Amino acid sequence: MSDNHELLLQPVSTMINDKDENINIDLDNEPKYSGDEQEPKLATVKMLLESIGQTVTVAFPLRSPISELITHFAKELRMPEKILQVTFKEKVLDNQLSLSQIEVEPNTTVSMELHSKDPINEPLRPYKPRQDISMPDVITVRIDEGQSMSRDVVVEIERNNFRKPYLGGVRHRMNGKEFHHASAQTLPPQRPDKGVIRYCRDTQTIQGRHRVIQTTNEQSTQMSKPGYFVTTENDRFLTPHRYQTAEEKFDILTKKAIIIQKYFRRWLAKRDVNILREAFQARLQYELEEKQRKIQERQNRYQHDLDRRLNPRTRDDFDVLYAALEKWREEEIAKINATKQGASRKAALALLVDEETELLATIDRYKTEAQKYNKEVNIQRFLERVAQPKRWKYKDGSTTEMDTPYSIRARELMQIYNTITMKFLTLDERLDILLTLKHTVKEHECRLTQEVIQLIDREADLLMRGTKEENLSGLRQRIATLFLQYIKTPTFNPGVVRHLKVPQDPVIAQEQKTLYCRSCQKYYPSTEFAVSSTNANIGKCRLCLRLENIANKRTDQTKFKFLLKKIEKEECTYSDGARCIFFLTTNDIEYMFTNIWDSHSALSEESDIYTLTFVRWNRREEFSPWNCILLTLQEASAHLKMEDAEANYSEPFRKKIRYKHAVSRSHFLKLVEHVSNYHEQLQQANASKDMTITAVKIGRQRGTPTAVANTSA
């Protein structure tokens with residue numbers, strides 16, 4: 001408990017006096033008022049328990065001796081009275097003195113200290129406040145007397161801790177809980193005594209009396225007659241109307257019913273109009289939001305395309321630059337051919353070639369920067385891919401991971417590589433990581449590890465001589481490069497085998513299919529060649545195709561890659577084993593979009609490729625160039641909801657779609673044959689499986705040996 005913590009003890013049973021009146025507040029009874037001649041005056045004593053740092057506030061009579069105060073605290077602290085003493089203004093007070101004798105005024109606050117005469121053997125015990133008391137013992141009340149005058153009155157609160165009487169209650173019949181009646185905290189107000197005795201036998205005795213009365217059943221009316229007058233002032237005259245037949249009443253009811261129906265139909269019409277109005281407003285809001293969304297998407301695409309042009313990083317980004325360069329070159333050539341002739345035309349074309357050369361050089365500089373950036377990114381991706389634990393994915397979507405010794409080893413090497421490539425390290429930190437790297441590569445003895453150790457010793461020697469970090473950048477780059485080569489060696493890092501392009505096992509290397517590129521006259525794995533859905537021969541490798549595009553066509557296929565990924569993602573949601581879409585390439589999608597479907601939607605003539613998509617014409621069959629239609633996203637959503645597309649479109653439109661499907665079949669003839677062969681093989685496999693299951697069932701019924709053998713197989 002802190003030194004300034006203030007606790008309140010139960011006060012001595014006294015009253016509080018302030019000038020003309022005493023106020024005594026009882027928590028369990030009504031307030032009582034008494035005169036000065038009945039109760040003594042009080043003062044508030046703040047007693048500081050010196051050794052434990054607690055402050056206790058208590059109300060104490062001015063004329064009571066200090067011994068009573070010591071007795072009170074001895075009882076609260078559970079200590080003997082003879083070892084306690086009170087000091088006031090650094091003087092020990094006599095137990096027979098009172099507060100009035102030490103010049104303490106009424107209704108004031110005085111600070112005293114309580115000490116132990118033997119603090120070593122009998123120290124003061126800490127005071128534990130009562131848990132059932134939540135209010136202070138003494139409060140100060142400020143009374144407003146008007147005219148900016150007020151006075152403070154110290155009020156003592158008495159607590160009568162007694163058990164309240166049992167007044168009965170109720171019991172819940174369902175759960176058996178009992179609820180007791182609560183008694184009031186204060187007594188009800190007493191009636192003033194008027195000097196009349198109320199509790200006597202006469203006032204509590206009822207005297208009965210019998211009397212005969214006349215009931216309402218026997219009452220009669222009185223009319224005027226000779227000798228008796230009855231007033232007619234409050235009489236009412238009733239005149240009968242014409243007799244109403246049943247038909248007339250029915251006509252009236254019919255008219256009233258028509259009026260009710262009229263108002264009810266009016267209410268229905270107003271309700272329908274409100275519903276239509278709300279739907280119309282919602283439609284307007286939806287169209288406005290869609291318009292704003294399209295504008296925002298167009299702005300985002302424009303900003304993204306601008307960022308790709310200013311900071312190219314990937315091959316697609318450079319394809320955008322080359323396509324823009326080719327478009328600019330064609331526009332300039334057309335302008336020169338239209339405005340100039342002869343020698344001036346040749347000079348303008350020569351200047352155009354020089355400008356194109358400068359722009360190509362600028363793009364090459366961007367390529368160099370991108371290669372530096374992508375090199376570090378690719379290294380980090382490679383290290384993270386090697387250090388990943390094995391994962392198993394379950395049907396419910398949860399995954400289980402397991403670290404193998406290979407993945408743990410790869411993770412340790414990745415952490416060391418990331419540390420040695422960090423910059424702005426202190427001298428001690430750099431020496432520490434070099435020592436860790438040296439112990440790591442010392443585990444294997446070869447030419448590579450010896451060279452790494454020599455470079456580590458050289459850098460440590462230069463660091464101890466105070467060489468600047470700018471002069472050590474080349475040496476540190478050599479260490480990082482050699483250590484990366486160390487990581488990519490399967491002998492030192494077995495987990496890297498699965499992520500190398502060149503297989504280390506000679507048997508696997510012989511089994512891997514290698515193809516010859518006639519353009520660059522080199523051998524590459526089959527994965528380095530693009531699969532063509534229209535040509536059965538192996539063409540050029542991917543690198544040669546890219547160089548050819550940069551040198552001649554300079555086309556940008558980013559939009560068609562985006563469209564192809566969108567179609568593949570949509571086909572994966574069907575889960576019906578669709579395969580044809582994964583044989584199509586970006587060139588195939590470009591041909592379908594440009595030559596077959598004329599670069600616009602079949603319904604609305606929309607030409608923005610980012611709002612268009614290919615969907616199935618017949619949704620029960622897999623996607624293929626001869627089973628698709630080019631629509632906008634909204635049109636595609638409505639088209640896929642149709643059960644039968646043939647029955648919902650007009651005959652001219654269906655003929656148009658059939659013609660485009662026929663053109664697609666003739667162009668993708670090899671793909672048609674491949675898909676047909678696959679479906680035939682699948683049907684044969686299913687038929688043979690069904691025949692085997694049928695034979696097993698028949699054999700089990702007959703009990704033949706063949707059936708038993710097939711069952712065991």
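## Aromatic pairs

Let's start with the rings: the count comes to nine aromatic pairs in this predicted model. In one of them, Tyr 516 and Tyr 523 have ring centres 5.0 Å apart and planes at 50°, so this pair is tilted. Tyr 516 is partly exposed, with a relative accessibility of 37%, while Tyr 523 reaches 60% and counts as exposed.

Tyr 649 and Phe 653 are also worth a look. Their ring centres lie 5.0 Å apart and their planes meet at 35°, so this pair is tilted. Here both Tyr 649 and Phe 653 are buried. Elsewhere, one aromatic cluster is formed by Phe 483, Tyr 486 and Phe 492.

## Charges over rings

Which ring has Arg 616 over its face? That ring belongs to Tyr 574, and Arg 616 lies 3.8 Å from the ring centre. Lys 488, in turn, lies over the face of Phe 382, at 5.4 Å from the ring centre.

## Nonpolar cores

The largest nonpolar core has 34 residues. Among those with the most contacts inside this core are Leu 584, Ile 589, Met 592, Phe 593 and Trp 597. At least two core residues come from each of helix 11 (558-572), helix 12 (586-596), strand 18 (612-616), strand 19 (628-632), helix 14 (651-667) and helix 15 (669-702).

Take Met 592 as a way in: leaving aside residues up to four places away in sequence, Met 592 touches Leu 584, Trp 597, Phe 614, Pro 625, Cys 628 and Phe 668. There is also a second, separate core of 32 residues, including Ile 420, Leu 434, Ile 479 and Phe 492. Phe 492 is also part of the aromatic cluster with Phe 483 and Tyr 486.

Key:
Residues numbered from 1 in each chain as written. Predicted model: local features only at pLDDT ≥ 70, side-chain atom pairs only at ≥ 80, totals over all residues. Heavy atoms only, no water. Phe/Tyr/Trp six-rings, centres within 6.5 Å; stacked < 30°, edge-to-face > 60°. Buried < 20%, exposed > 50% of the residue type's maximum accessible area, 1.4 Å probe, protein only. Lys NZ or Arg CZ within 6 Å of the ring centre and 35° of its normal. Core = buried A, V, L, I, M, F, W, Y, C linked by side-chain atoms within 4.5 Å. Helix = DSSP H or I, 4+ residues; strand = E, 2+ residues; numbered from the N terminus. Contact = heavy atoms within 4.5 Å.
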